[in-house]
There are 2 protein chains.
Amino acid sequence: MSDLGAATLRIRIDLGYDGTDFSGWAQQPGRRTVEGELSSAVTRVLRAAEPVRLVVAGRTDAGVHARGQVAHADIDPVAWAGLPGRSNRMPEHAAVVRLNGLLPPDVVVRSAVIAPDGFDARFSALCRRYRYRICDDPARADPVRRRDTVVVRGGPLDVAAMNEAARDLLGLNDFAPFCRRRDGATTIRTLLQLGWERVQPGVVEGVVVADAFCHSMVRALVGVLVPVGQGRAPRGFPAEVLRGGTRDPRVKVMPAHGLSLEEVIYPADGDLAARAVEARTRRGWSGGLPPPGTGRCSRRSPAPG
Amino acid sequence: MSDLGAATLRIRIDLGYDGTDFSGWAQQPGRRTVEGELSSAVTRVLRAAEPVRLVVAGRTDAGVHARGQVAHADIDPVAWAGLPGRSNRMPEHAAVVRLNGLLPPDVVVRSAVIAPDGFDARFSALCRRYRYRICDDPARADPVRRRDTVVVRGGPLDVAAMNEAARDLLGLNDFAPFCRRRDGATTIRTLLQLGWERVQPGVVEGVVVADAFCHSMVRALVGVLVPVGQGRAPRGFPAEVLRGGTRDPRVKVMPAHGLSLEEVIYPADGDLAARAVEARTRRGWSGGLPPPGTGRCSRRSPAPG
């Protein structure tokens, strides 16, 4: 809650960015961050006296991209209503045009709307979907995609083997072996989907969905599966690491630039507030399995092959 | 032919590049060009006394990308044979590794092999395939792809209308209305394919295949079709421009960064020399329709819708 209390209006902002030239999402003094750029654009567009604070669904690391990031801000309703100025536009439309006019080319706001009651960009989310893009044939590496594709040497990846091994990681687990340690933070998560597909010759993409992720988790999950795909580790290796219970030095955290936050999935408007309460209070206990009927967040086995 | 005469070995080099930070392919004093970077890498790897000259299939403009560019160089066979040094590698493998070690990250050599007899990167080519990538929904613009995707405003493109209009341009025609004037150069070309497809929500891609292209031709062909797709011009507009016979100020040459040279198609090895003689002597007369049996170069109507 902002200091403005009941007088504020919560705005949901959907955005994408090229993470290459950012020190991640989270604002840090002296660093170029997505939060810093967006907060300063929102503050300017609203002519707010204080920097507008943002709450985000996925705090992406340095170099990680986003195509479906979601943030919220609690703002002055009068400033929002005044956005169209003398134009005939709705505030929603004026906000997008003005924000994109101020933002650098590596950040694009897709929409900015009044959030439904109970919406919290972070805590209302049911799950997050990430994508990891790998080129496994360096001779086919595409220089145009070098900012969002990690080139791995060691021969073509066996996608079927990776998918088989990935199944052992699905479900409610303590992902401590795949998380950077943070005191007091739970590492219990529900991994809903982890599947690989060859999308074109020389390129495989992984889709990873969980209720939430701890720090470096997606890149460590990819890092435990790539050796399986290369035949350097047995198919049981990821399960063995998971059972180990602590960070495993054999697991390489893969580079950030192959990773992109593709989508954040929220429940129907009526369930937003309940979900936020549940996620705040119970995360780490139940793992917060999403309510039934939210298909995009349900558990799915990787496709064969 | 090089000054080295019969003693030279012709090498075929396949490469890709991100054109963003290049002043195009062709070497120019004081400019960063793909030819300049590649020639200097080849010269260094071979320890040649003189800069190695390159002949290229498609002289791309500033900002244009390539995923399937082809060049050749006539080099000293002794230097080629010596490439593996004390390694067990074949010269083909050593050349790729060493060239990519020297080249900047926005150029990737995919292969370097001894060219078959009669091969000429430019004149043996049967046809060139380009791709043009457009985002027609600015709210969906992907910042990660902003270097190879042109954002157009004015509503979603009607792909079926663009494909219908594109049919009128296929075949052997004088493409002067779509070419930047160059004295003495013919503008007669055979346009073999020009088709559009919606590859994902908000993104359409065009594929353009011709025996060869004159300067700015693909970008002008795209420029005459976009207004049709937006409903701002009738479906007969491209045909009308073609019939006009001279450069038409109503046709906007589209930005370079949406364009990528995807593939250069050559005949079977036995037909290389004959094709080169034909292309050198007859281009501008017959339009050099490719010989039968070269499916990827044959004329194709755009897919409906």
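Biologist: What do the buried residues of α3(B) pack against?

Modeller: They pack against α1 (34-46) and β4 (107-114) of chain B. Bear in mind that this is a predicted model.

Biologist: Which residues of α3(B) are buried?

Modeller: Ala95(B), Val96(B), Arg98(B) and Leu99(B) are buried.

Biologist: And what should the 12 residues of that helix span?

Modeller: Helix α3 of chain B covers residues 91-102 and should span 16 Å, at 1.5 Å a residue. Its end C-alpha atoms are 16 Å apart, which agrees.

Biologist: Let's move to the cores. Which residues have the most contacts inside the largest nonpolar core?

Modeller: Ala71(B), Leu99(B), Val218(B), Leu221(B) and Leu225(B) do. That core has 84 residues. Leu99(B) is also one of the buried residues of α3(B).

Biologist: Which helix gives the most to this core?

Modeller: Helix α5 of chain B, residues 217-229, gives the most, with 9 residues.

Biologist: Which domains of chain B does this core draw on?

Modeller: Domain 1 (5-114) and domain 2 (127-262) of chain B each supply at least three residues.

Biologist: Take Leu221(B). What is it in contact with, leaving aside neighbours within four places in sequence?

Modeller: Leu221(B) is then in contact with Leu169(B), Phe178(B), Leu194(B) and Val208(B).

Biologist: What does the second, separate core include?

Modeller: That core has 83 residues, including Val34(A), Leu38(A), Ala212(A) and Val226(A). In soluble globular proteins, nonpolar side chains tend to be buried together.

Biologist: New topic. How many residues of chain A are in contact with chain B?

Modeller: 22 residues of chain A are in contact with 21 residues of chain B.

Biologist: Which elements give two or more residues to that side of chain A?

Modeller: They are β1 (9-17), β3 (65-75) and β4 (107-114) of chain A. β4(A) gives the most, with 4 residues.

Biologist: How do the residues on that side divide into nonpolar, polar and charged?

Modeller: The side of chain A that touches chain B has 9 nonpolar, 4 polar and 9 charged residues.

Biologist: By what turn can chain A be laid on chain B?

Modeller: A turn of 180° does it, with a shift of 0.0 Å along the axis and an RMSD of 0.0 Å. The two copies are thus related as by a two-fold rotation axis.

Biologist: Which C-alpha of chain A is nearest the axis?

Modeller: That of Arg145(A), 4.0 Å from the axis. The same surface serves both copies, with 95% of the contact residues of chain A recurring in chain B.

Biologist: One last thing. Which residue of chain A has a positive phi although it is not a glycine?

Modeller: Ser216(A), with a phi of about 70°. Most residues other than glycine have a negative phi.

Biologist: Where does Ser216(A) lie?

Modeller: Ser216(A) is in the loop between β9 (203-210) and α5 (217-229) of chain A. Ser216(A) is partly exposed, with 17 other C-beta atoms within 10 Å.

Biologist: What phi does Ser216(B) have?

Modeller: Ser216(B) has a positive phi of about 70°. Ser216(B) sits in the loop between β9 (203-210) and α5 of chain B.

Conventions
Residues numbered from 1 in each chain as written. Chains lettered and ligands numbered in written order. Predicted model: local features only at pLDDT ≥ 70, side-chain atom pairs only at ≥ 80, totals over all residues. Expected span 1.5 Å × (residues − 1). Buried ≥ 20, exposed ≤ 12 C-beta atoms within 10 Å, placed from the backbone. Contact = placed C-beta atoms within 7 Å. Least-squares fit on C-alpha atoms with pLDDT ≥ 70 in both. Core = buried A, V, L, I, M, F, W, Y, C linked by C-beta atoms within 7 Å. Domains from an automatic or database assignment. Nonpolar A, V, L, I, M, F, W, Y, C, P; charged D, E, K, R; others polar.
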